[in-house]
Amino acid sequence: MIQEAAGLDAPPPPLVVAVVGATATGKSALGMALAELLPGGGEIVNADALQVYRGFDLGTAKPGASLRLRVPHHLIDVLDPHERWSAGEFARRARLAIAAIRGRGRWPIVVGGSGLYLRALLAGISPIPAGDPEVRERLRRRAAEEGLPALAAELAGLDPVTAARLAPGDRQRVLRALEVALVSGRPLSGWIASQPFGTQSIAAIRVGLTLPRSILYDRIAGRVDRMVESGWLEEVRGLIERGLDPGLPAFQAIGYRQMVHHVRGEWPLARVVDETVRATRRFAKRQETWFRSEPDVTWFSAEDLDRRIPLILEHVQRALGEGRE
RNA sequence: GGAGGUGUGGCCGAGUGGACAAUGGCAGCAGACUGUAAAUCUGCCGGGCAACGCCCUACGGAGGUUCGAAUCCUCCCGCCUCCA
């Protein structure tokens, strides 16, 4: 593609391995295998938006202590549930982690299902200044009182480019764009224009795991059942008893929101399981859509993953080897 | 046995003479995505086609009334409730 056309500039050697794909396809397992099998060894950089939260373990399918003992994991358990995480913050810290890992002569293996996070890390993200919680809160209140259309109209005045791009019903993005324009004095579209995706790219060898929908859906159901069996309810109950507000960012995690209803006695457990499975399926579908359009991913079937690992390893090694010369 | 109710698209559930291939929700499928992203949002969703329009099939079944029925009538079948 473009890189080849340039000719003079050889494509930069891959510096990191990225494992992508929908939830429950086995990304973590593959990441572990690569970390242990690649010559020189590797360390995992978690690119998952919810596994960063301490105390949210079972429901986020967080790698357990024994795995983390075998292979260092980064950006897991780095936040308290009330702290706010973001794609930009992730990209910044992941770059630090990657540099440190490479400094140790090991391979950074980025594993995660949050598409935007991966893109922010590997392709760069516009350096938009931090938002303002107060402004955000005010906007949220106005949206409730005046209605979203009023705010969308205001955005059309401040940032017509973004306003035209967004669906008028996209509450979250309309509010965010307004917040950026209001706080920074510059429209979001302006920030993006000055540094779009792709201007800070990190060379990565990307492997994707995929499964036929029906198998994936079965796996999701099985996984949710296992979460419950392994004491997930107790975990959530503990979080609530600690006094954590279910409105916190960490409770955005699929399953936690649902489980809170059961802890409060509003839903039977069966409904929690049901709705969690359903929400996870929709999530998996969205991930597939995202990664499908992600460039340069080499896809592997996640069926019988153990048996395919040698093949994937070989593929990754070849790409990294080329980069080493 | 008597009285009443009910049967709608994969599911739930509106619709009670034309504007109905049938509101809405769920499930499903497709897509978008620049700092909440496991979030947020959009589109499709009986079938067929030379397809901005046409045809076929369809509101438990069979008949009937009507220019016209998911909607009214008759009979039949299933389910539910109450009385016995």
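1. In this predicted model, the axes of helix α13 (residues 256-263) and helix α14 (residues 269-292) come within 9 Å and cross at roughly 170°, where axes are lines fitted to C-alpha atoms, for helices over the stretch in contact, and angles run from 0 to 180 degrees between N-to-C directions. The two helices, α13 and α14, are therefore roughly antiparallel to each other, a label given to angles over 145 degrees. Gln258, Met259, His261 and His262 of α13 make the contact with Leu269, Val272, Glu275 and Thr276 of α14, two residues being in contact if their C-beta atoms, placed from the backbone, lie within 7 Å. By class, this contact has 3 nonpolar, 4 polar and 1 charged residues (Ala, Val, Leu, Ile, Met, Phe, Trp, Tyr, Cys and Pro count as nonpolar, Asp, Glu, Lys and Arg as charged, and the others, Gly among them, as polar).

2. Helix α6 (residues 133-146) and helix α9 (residues 171-184) have axes that come within 10 Å and cross at roughly 135°. That makes α6 oblique to α9, oblique being what remains after under 35 degrees (roughly parallel), over 145 (roughly antiparallel) and 65 to 115 (roughly perpendicular). On the α6 side, Val135, Arg136, Leu139, Arg140 and Ala143 meet Arg171, Leu175, Leu178, Glu179, Leu182 and Val183 in α9. The contact of α6 with α9 has 7 nonpolar, no polar and 4 charged residues.

3. Glu235 lies in helix α12 (residues 232-241) and is partly exposed, with 17 other C-beta atoms within 10 Å (20 or more would count as buried, 12 or fewer as exposed). Leaving aside residues up to four places away in sequence, Glu235 touches Asp57 and Leu58. The C-alpha atoms of Glu235 and Thr199, 36 residues apart along the chain, are separated by 42 Å.

4. Chain A as a whole has 15 helices and 6 strands (DSSP runs, helices being H or I of at least four residues and strands E of at least two, numbered from the N terminus). Its radius of gyration, taken over C-alpha atoms, is 21 Å, close to the 20 Å that the globule rule gives for 325 residues, so chain A is as compact as a globular protein of that length; the rule is 2.2 Å times the number of residues to the power 0.38. Of the 325 residues, 35% count as buried.

5. Residues are numbered from 1 along each chain as its sequence is written, with chains lettered from A and ligands numbered from 1 in the order in which they are written. Local features need pLDDT of at least 70 and side-chain atom pairs count only at pLDDT 80 or more, whereas totals for chains, interfaces and linings use all residues.
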